[in-house]
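Dear colleague,

I am passing on the structure we spoke about, and below it you will find my notes. Please read them with the structure open beside you.

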Amino acid sequence: MLSLGSQFLVALGMLIGILIILLASMWLERKALAHFQFRLGPMRTGYHGLLQPIADAMKMVVKEMSVPEGVDVILYKTAPFIVFIPAFMVMAVIPFTATIKAADLNMGIFYVMAVLSISTIGYMMAGWSSHNKYSLLGCMRSIGQFVSYELPMGLSVLAVVMMAGTLNLNSIAQAQSCNWNIFRWYIFKQPLAFIIFFIALNAEICRVPFDLPEAESELVAGFHVEYSGMRFALLLMAEYVGLFTLTSICTTLFLGGWYGPPVLPGLVWFFLKTFSLIFILFWTRATLPRVRADQLMSLGWKVLMPAALINVVITGLLIMLKVY
Amino acid sequence: MEFTLIIPEIIVFLTATAILILDLILQQEKQKKLLGFAAEAGVILAIAQLVRMFALGQQASSWGLLTIDTFGHVIKIILLVSTGLVILLSVDYFKTIISRKGEYYCLILFSVVGMMFMVSADNFISFFLSLQLTSIPLYILSGIDKNDARSNEAAYKYLMLGMLASVVMLYGMTFIYGFTAAANFEGIARQLTSLDLHENPILLIAMIFIFAGFAFKVAAVPFHFWVPDTYEGAPTPVTSFLATAPKVAGFAALIRLLTIAFSPLIAQWRTLFIILSILSMSVGNIVALSQTNIKRMLGFSSVAHVGYILMAFAIADQMAVSAAIFYLMIYGIVNIGTFAVIASVMRGEDHQIQGLAGLSKRSPLMSLSVAVFMISMIGIPPTPGFWGKFNLFASVVNGGMTWLAVIGIINSIISVYYYINVLRYVYGDQEIGNQQDKQARRPADPAADGLNNIPCLMRLAVVISLALTIIIATYPQPFIELAKAAAVALKTGLWL
Amino acid sequence: MQLVIFFVLAAITTVAGIIMVSADNIARSIYSHVLALLGIAGIYLLLYAEFMAGVQVLVYAGGVSIMLLFALMLTKPAKGVIRALDHPRRVPAFITAVVLFGLLSFSIFQAKWPLKVEPSRVMTPEVIGKSMFADYVLPFEIVSVILLVALIGAVVIGVKGREDTDDEE
C-alpha cells in the first residue's frame, strides 16, 4: 500500500502521461488523415507540425469560456468534469507492464465497465443543460448508442474473463504471456469477441462511422455545441483519453498486454499494440461513411448482441469440454 | 434430486413461458382461447403433482431457501384451485376487452409462481423476492384494461402504495438482519430469544414495519386504502384474483414468519394483531354498509374477512392457525364464486348493486349461486361460511379471548345487512323501476347484450365454485382435517 | 480517517437525497439521485464491499438513472410553470416525518447492536459468484423471472394495443 502522498504523485504522473499521449494521438490523427487523403496536414509548427497540438491546446486554454444564456448553469459547468474524470479514472487499472501500473484491482475489468458508465451521465448532463436542440439530440443519440453497445462490449469481455478465470486485468494479461508463441493471445482464441469488442469500442468513443452524437453535418457538433474554451477542451480531451484507455484495455484483453516476442521491452510492446489499434481506428475514420441511426441500432441489437451471446455460450461449452 | 421439490412451481413457470411462445404462434383471435386452456392445463397439472406430494406425506425438507412441507402443499392447492377458477372465468370475459391475452395469462401464472415460492419461503431473501414476483404482475394485471380510466387508476394506486409497503417491509427486515445476522427464519428465532426487547425497542419498530407490509398485502385496516378503488377499477376476473390468491399466500407467509421467525416475540405481536383484527373487522363492515357499488362492497367485506382471520393470529395456537387456514379455503372459493357471478352477469356495466335487480328471473342458476355465496359470507348454517366462522370463533374462545370472539360475532351480525341487501335486489321486484333505463342503455354497450346468454365457461366457473361450496358445507370434516394437517406440519416452537 | 470519509460520503448522500426530493426540476432531481447512489457506492467501498460498489455504480448510476433520463427526454415537458412538489397536507406530513425520524433514531441509538468490526470474509467476485450460483441459485432465478415479468409488463402497458389502432382507423 502506497502512502497518500505517493499515491497523489502517481496520479499526477498519470495525468501528465495521458496529456502527452493525447497530444501525440491528436497529432497522429491529423497527420494520418491527411496522408490518407493525399494531403500533408500540419507542417508549419515544428518538424512536420509536431508542435501543432501544443499550439491548439494553448489556444483552448486562453480562450474565453462563455456561458450561453438559458443554460442550467450548475449542470452546464459540472458536465465536462463528469465526462472527463471517469475516462481518466480508467487509467488507474491499466497494466502497462508487469510493474508499471497504478492499481491492481481484483475486479479490474468490472471497474472499467462501471466507471465508463458514469461518463454517459456526463454526456447527458452536457447535452441537456445546454438548452439547445442540437445538443439535446446529440446527447439522446449518444445515450442510445452507449446503452446499446455497452451490452455487447460487456458480453465480449465476459468471454475473455471466462477463459482467464479472473477479472483482474493484470492476471488476464499474464494468462496470455508468451515469448514467440503469440498464439496465446486471446485474439486468436476469441476472434469473434475481439471483433465485437473493437466495433463496440469504436461506438463507445463515438468515432466515425459511429459518430452520430456529434455528426457535424447534421447536428453542428452534438452535445458540445454550446461549449467553448477550456470546458470544450475537457470534452475533447475526454474523447481522446477514452480512445487511448479503451484501446489499451483492448490490448490487455486480446493482444496479450505487454507480452510479445522478446526483442522489445514490455512497455514498448504495449504502446506499439495500442497505437496500432488507434491507427486502425483512424484508418476506419478515413475510409467509412457514417451509419444511419437505425443501422446503428440494428447492428448493435440484432448482430453484435446475439453474436456476443452465442460467443459466450460457445466459450462456456469449450471450457466445459476442456478444449481451452 | 433436490429440485423435484419445486416441480409444481416449475410446471406453472413453464406453462407461463409456453403461453408466451404460443401467443406468438397463434395469430388468429379465435385461437387465443387455446391460451386460456393451456394455462388451465398447467394449473391442473401442478395441482395433481401437489396432491401427489401431499399424499406421499414426505418429511419437511429445505432446499434453496425454501421449506417444502405439508403446510405449503395445502396452501398451494388452495392457491392453484382459485387460480384455475380465475382463468376459467377470464377466457370468455376478455374476449373483447383486452387484445394481449397471452400476456394476461402469463402474468397471472407468474404471479402464482411468486405466491407458491412465498408460501414456502423460510428466508427473508427468498420471501421478499417472491413477494415482488407476486406483486409486480398484479400491478400490471389491475391495469390491463388500458382503455378504461378506472383500470388505469386502479393499477396506479395499487402500484404506488404497494411499492411503498414493500419498501417499508424491507426496511424492517434490514433491522432484524442487523440484529440477528441471520436471514432464515429459524436462525432469526434462535437469535431473538437471546435479545431483550425492552433494551432494543427498534426490534418492535422493525416488526411493525414488516407487519405493515403484510397488512397492505392482505388489506387490513389501516392499510386498506387501495382496496376499494383497485377492486372497482380492475377487470372483474382480476379483482377476483386480487381478492383471493395474494391474500391466501400473504396469510400463509405471515403464519410461517410469525410462528417460526418471530415466535420468541409472541407476546408483543399478539397485541398488534388484536388491534389490527378489531380495526379491520369493524371498519370493513361499517364502511361496506354504505356502498352502492358491488365490487367496492365486496372489497370492504373482504377487509372485514381479513379481520376475522387476523383474530386467529391474536391467539396463535395450533387450533387457531388451522381454523384460519380452513377459513382461507372457504373465503377463497366463495369470493371467487361471487366475483364469477358478477363477471358473468355484469359485463361492461358500472357494477351498481341495483344492476342485479331481477336476476332471479333472468338466470335462476346465477341467483341461486349468489344466494349461497352471500349466506356463506354471513356465516349462516349450514353453509361453509358457518363452519369457517364456527371453527375460528371457537378457537378464539378456546384461546381465552371470549371478548374478541364477541366482537367478531357482533361484526358478523352487522354484515348481514349488506349481504342480504344484495339478495334483496336479486330476488326482489325492484327491477320494474330500473328496467326502462337499462333497456335504453343496453344497445349502446356491445358487451352488455350478452347478459342473458352467459358464456358456458363462466357458467362452469360459477358451477364449480358452487359445487365446492356445497361439498364443504356437507362434508366439512375432511377439509378441517386438511387444515389441521397443514398447521401441524409447521416447524414451530409454539406448539411442538 | 475512515470515520471522516464516512461522514463526508454520508453528507453527500443525504444532501443529494434532499435535493432529489425537493428539486423543482425533474432532471436535476435525477442527477442528484445519481450523486446519492454514488455516495452509497462509496460507503460500500468503505466497507470493503468492492464488488457491491461496482454493481451499484454499473447498475444504478450507469443503468437505471440513464434509463430514467432517457424516459424523461422522451416525454413531453410540462407546459407553463413547473409546479413545485407541494401538497396541502404538508404540515401533518412534516410532523409525521419528524416523529418517525425521532423515533427511529432514538431506538437506533438505544439499541445494543451486535457489532463486528472486521468483515467476516473477503468478498471477492469468485466468492460472490460461487454462493450466488450454489446457495442462492433460487433467489437468483426468481430475480430473473421478476425482470422478465417487468419486461412483459412494460410491453403490455407501453405498446399500443389493437384497441388503439382500431380507434385510429
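Helices here are DSSP runs of H or I with at least four residues, strands are runs of E with at least two, and both are numbered from the N terminus. This is a predicted model, in which local features need pLDDT of at least 70 and side-chain atom pairs count only at pLDDT 80 or more, while totals for chains, interfaces and linings use all residues. Residues are numbered from 1 along each chain as its sequence is written, and chains are lettered from A and ligands numbered from 1 in the order in which they are written.

In chain B, helix α8, which covers residues 201-218, contains B:Lys217. B:Lys217 is buried because it has 25 C-beta neighbours inside 10 Å (buried requires 20 or more other C-beta atoms within 10 Å, with C-beta atoms placed from the backbone). Apart from neighbours within four places in sequence, B:Lys217 is in contact with B:Pro246 and B:Gly250, contact being C-beta atoms, placed from the backbone, within 7 Å. B:Phe251 lies 34 residues from B:Lys217 in sequence, and their C-alpha atoms are 9.0 Å apart.

Between the chains, 32 residues of chain B are in contact with 26 residues of chain C. On the chain B side, α4 (101-120), α5 (124-142), α6 (149-180) and α8 each supply at least two residues, and α5(B) gives the most, with nine.

Chain C itself has seven helices and zero strands, and 20% of its 169 residues are buried.

With best regards

Terms used:
Buried ≥ 20, exposed ≤ 12 C-beta atoms within 10 Å, placed from the backbone. Contact = placed C-beta atoms within 7 Å.
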